[in-house]
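Q: I would like to go through this model with you, topic by topic. Could we start with how its strands are paired?

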Amino acid sequence: MHAYRSHTCAALSAANAGEEVRLSGWVHRVRDHGGVLFIDLRDHYGITQILCDGDSPAFAALEKVRAEWVIRIDGKVKLRDASLINAKIPTGEIEVYAREVEVLGPVEGDLPVQVFGEPEYPEETRLTYRFLDLRRDSLHQNMMLRSNVVRSLRNRMWDRGFTEFQTPIITASSPEGARDFLVPSRLHPGKFYALPQAPQQFKQLIMVAGFDRYFQIAPCFRDEDPRADRSPTDFYQLDIEMSFVKQEDVFAAVQPVIQGLFEEFGKGKKVDPNWPLIAYRDALKWYGSDKPDLRNPIKMADVSEHFKDSGFAIFAKLLENEGTEVRAIPAPTGGSRKFCDRMNAFAQANGLPGMGYIFWRSAEDGSMEAAGPIAKALGAERTEAIRTQLNLAEGDAVFFLGGKAEQFESVAGKARNEIGRELGLTETDTFRFAWIVDFPMYEKTDEGKIDFSHNPFSMPQGGLEALMGDPLKVYAYQYDLACNGYELVSGGIRNHRPDIMFKAFELAGYPKEEVEKRFGGMVKAFRYGAPPHGGCAAGIDRIVMLLADTANIREVIMFPMNQRAEDLMMGAPSEPMNEQLRELRLRVLPKDA
């Protein structure tokens with residue numbers, strides 16, 4: 001017989017009745033029915049019920065085992081009584097009568113994290129004992145989902161004519177929009193490598209080298225503040241680059257891959273094949289976000305014209321200032337004072353003074369009337385014009401936010417999402433995608449400087465000529481793919497012309513000499529015949545998070561960091577030894593230095 005098992009814990013069925021078998025695994029649960037033991041034995045593949053009574057020579061040893069002990073069982077497969085069949089598991093028709101047991105790995109002391117039943121524990125405890133946490137079926141399934149998603153992505157890319165190449169992990173620092181992780185060089189004291197924030201330059205150089213259609217399941221490293229949908233240290237992405245393409249060619253290559261993936265692993269949810277192109281400025285105006293959740297049908301609108309010189313003094317006075325507007329958030333079926341007050345409180349909880357509102361209800365004479373302080377101050381004619389513009393009816397409401405868009409837009413987007421959820425307007429069984437396009441090439445920083453707003457290597461729309469005017473009016477061939485409120489893909493058509501690149505970086509405060517120094521390899525390559533090229537990268541962690549239907553990215557990463565970018569299980573980051581510092585010629589300064 002095999003040393004540890006003849007079958008896995010998911011392999012046995014009624015067809016194996018009467019066979020002598022050997023199983024190994026973890027004790028998932030022990031039930032003592034007074035002289036009869038039932039043990040659920042678990043391995044990577046599933047669960048098999050083990051039966052043992054006082055007539056078995058294994059009984060005395062099995063009485064001592066506890067949850068999560070690793071044991072080996074020899075026994076005979078028996079059919080369960082019809083009334084005891086468990087249809088929820090593949091092995092539910094049988095059980096194994098234990099004749100011999102060997103303890104392979106006992107548990108010392110109490111378990112810090114229980115596996116059976118998946119009780120709740122603080123995240124710090126779960127991450128400290130991640131090896132136990134991963135034994136839970138929910139996390140086990142998430143990790144298998146992730147593995148299968150990566151395999152499917154790889155196969156789909158090969159099937160579409162892409163070739164997989166690996167790029168360096170140790171490289172030079174690059175301005176990708178986040179902080180680098182620096183790696184000191186022992187051979188070159190005082191100099192540092194960087195872990196790549198993305199394979200951006202390398203994949204472009206692969207195009208210059210003539211390989212045409214590249215992909216990679218690439219690790220990326222960024223020293224970022226953690227969020228629920230972002231790892232603070234490292235993540236994986238499906239990295240793609242193509243030669244001789246325009247924006248629409250990239251879209252045509254990516255959609256079948258992502259759509260097919262979501263159809264394969266979406267657990268029956270509808271995958272909308274209509275992927276609209278939405279300009280960045282319109283996404284903010286309509287949805288308050290550049291990653292809109294299109295499952296929510298609510299579309300915001302500018303209603304400033306109805307408030308100019310109106311009786312509602314707060315907005316009328318506000319609109320006298322340049323660059324201000326009044327934005328409306330329609331709320332179909334939200335026409336009650338109770339709901340309106342609740343949403344007003346939501347805005348206040350998110351840092352705004354509140355949200356004005358109008359709702360329409362039935363009057364005593366049976367007609368429809370507009371209610372709320374704004375309706376009274378605005379007057380019937382203007383209120384009716386708002387209702388008509390937004391196509392609202394009796395039982396509906398509308399909320400208003402005013403000022404400069406950048407001051408209220410993000411809260412407006414959150415309010416839109418909250419209204420959609422509260423009123424049951426947001427779909428729960430669908431994946432809806434949209435390409436967000438026409439990103440501004442530059443933005444103004446808090447210090448008033450011009451800087452890249454997205455990927456610095458993107459081609460400006462209009463080429464070199466576009467860079468001769470106002471930088472803040474330049475759009476780039478940059479795009480994101482949004483799905484259900486998350487950014488899944490980001491990319492662009494690349495700037496492959498040295499003259500355009502120098503000018504683009506000059507506007508962001510990088511002189512030609514610095515560009516040559518920091519990106520010398522790529523600039524040099526572009527001088528020797530570079531094809532037009534472009535691509536994108538899809539966040540694998542975030543894709544799996546959506547497919548697993550979890551809001552926390554740590555639930556789909558095997559060994560994630562905590563919110564403070566710490567690995568509690570392995571003790572990272574840790575203090576280096578003095579010998580290591582001396583070898584690297586480094587010194588750690590005290591915090592108050």
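A: A definition comes first: two strands pair if DSSP finds at least two bridges between them. Please keep in mind that this is a predicted model.

Q: Understood. In which sense do β22 and β23 pair, and over how many bridges?

A: β22, residues 478–483, and β23, residues 486–493, pair in the antiparallel sense over 6 bridges. Within this pairing, Tyr-479 stands opposite Gly-491 in β23.

Q: What do β22 and β23 form, and how many residues are between them?

A: They form a hairpin with 2 residues between the strands. In the turn, Asn-484 has a positive phi of about 50°.

Q: And which residue of β24 stands opposite Ile-493?

A: That is Gly-534. β23 also pairs with β24, residues 533–539, in the antiparallel sense, here over 5 bridges.

Q: Where do the side chains of a regular strand go?

A: In a regular strand they alternate between the two faces of the sheet.

Q: Moving to the barrel: how many strands close into it, and in what order?

A: The barrel is closed by 5 strands in the order β1-β2-β3-β5-β4, and the pairing is mixed. On average, neighbouring strands of this sheet are turned by 55° against each other, with direction ignored.

Q: Over how many bridges do β1 and β2 pair?

A: β1 (residues 20–32) and β2 (residues 36–42) pair over 6 bridges, in the antiparallel sense. Arg-29 has Asp-40 in β2 as its bridge partner.

Q: Changing topic, how many aromatic pairs are there in the whole structure?

A: A search of the whole structure gives 26 aromatic pairs. For Phe-307 and Phe-312, the ring centres are 6.2 Å apart and the planes are at 70°, so this pair is edge-to-face.

Q: Which residues form one aromatic cluster?

A: The cluster is formed by Phe-251, Phe-262, Trp-275, Phe-431, Phe-433, Trp-435 and Tyr-479. Tyr-479 is the residue that stands opposite Gly-491 in β23.

Q: What about charges over rings: which residue lies over the face of Trp-286?

A: Lys-299 does, at 3.8 Å from the ring centre.

Q: On to cysteines. How many disulfides does the structure hold?

A: The structure holds 0 disulfides. The closest cysteine sulfur to that of Cys-9 is in Cys-52, 16 Å away, which is too far for a bond. For Cys-220 the closest cysteine sulfur is in Cys-536, at 13 Å, also too far for a bond.

Q: Is Cys-9 buried or exposed?

A: Cys-9 counts as buried, at 0% relative accessibility. Cys-220 is buried as well, with a relative accessible area of 0%.

Q: Last item: where is Asp-309?

A: Asp-309 is in the loop between β13 (301–302) and α8 (313–318). With 73% relative accessibility, Asp-309 counts as exposed.

Q: Which residues is Asp-309 in contact with, leaving aside its neighbours within four places in sequence?

A: Those contacts are with Ala-316 and Arg-382. The C-alpha atoms of Asp-309 and Glu-320 are separated by 8.9 Å, with the two residues 11 apart along the chain.

Notes. Residues are numbered from 1 along each chain as its sequence is written. This is a predicted model: local features need pLDDT of at least 70, side-chain atom pairs count only at pLDDT 80 or more; totals for chains, interfaces and linings use all residues. Side-chain values use heavy atoms; hydrogens and water are left out. Rings of Phe, Tyr and Trp (its six-membered ring) pair if their centres lie within 6.5 Å; planes under 30 degrees apart count as stacked, over 60 as edge-to-face and the rest as tilted. A charge sits over a ring if NZ of Lys or CZ of Arg is within 6 Å of the ring centre and within 35 degrees of the ring normal. A disulfide is a pair of cysteine sulfur atoms within 2.5 Å. Buried means under 20% relative accessible area, exposed over 50%, partly exposed in between (1.4 Å probe, protein chains only). Helices (H or I, at least four residues) and strands (E, at least two) are DSSP runs, numbered from the N terminus. Contact means heavy atoms within 4.5 Å. Axes are lines fitted to C-alpha atoms, for helices over the stretch in contact, and angles run from 0 to 180 degrees between N-to-C directions.
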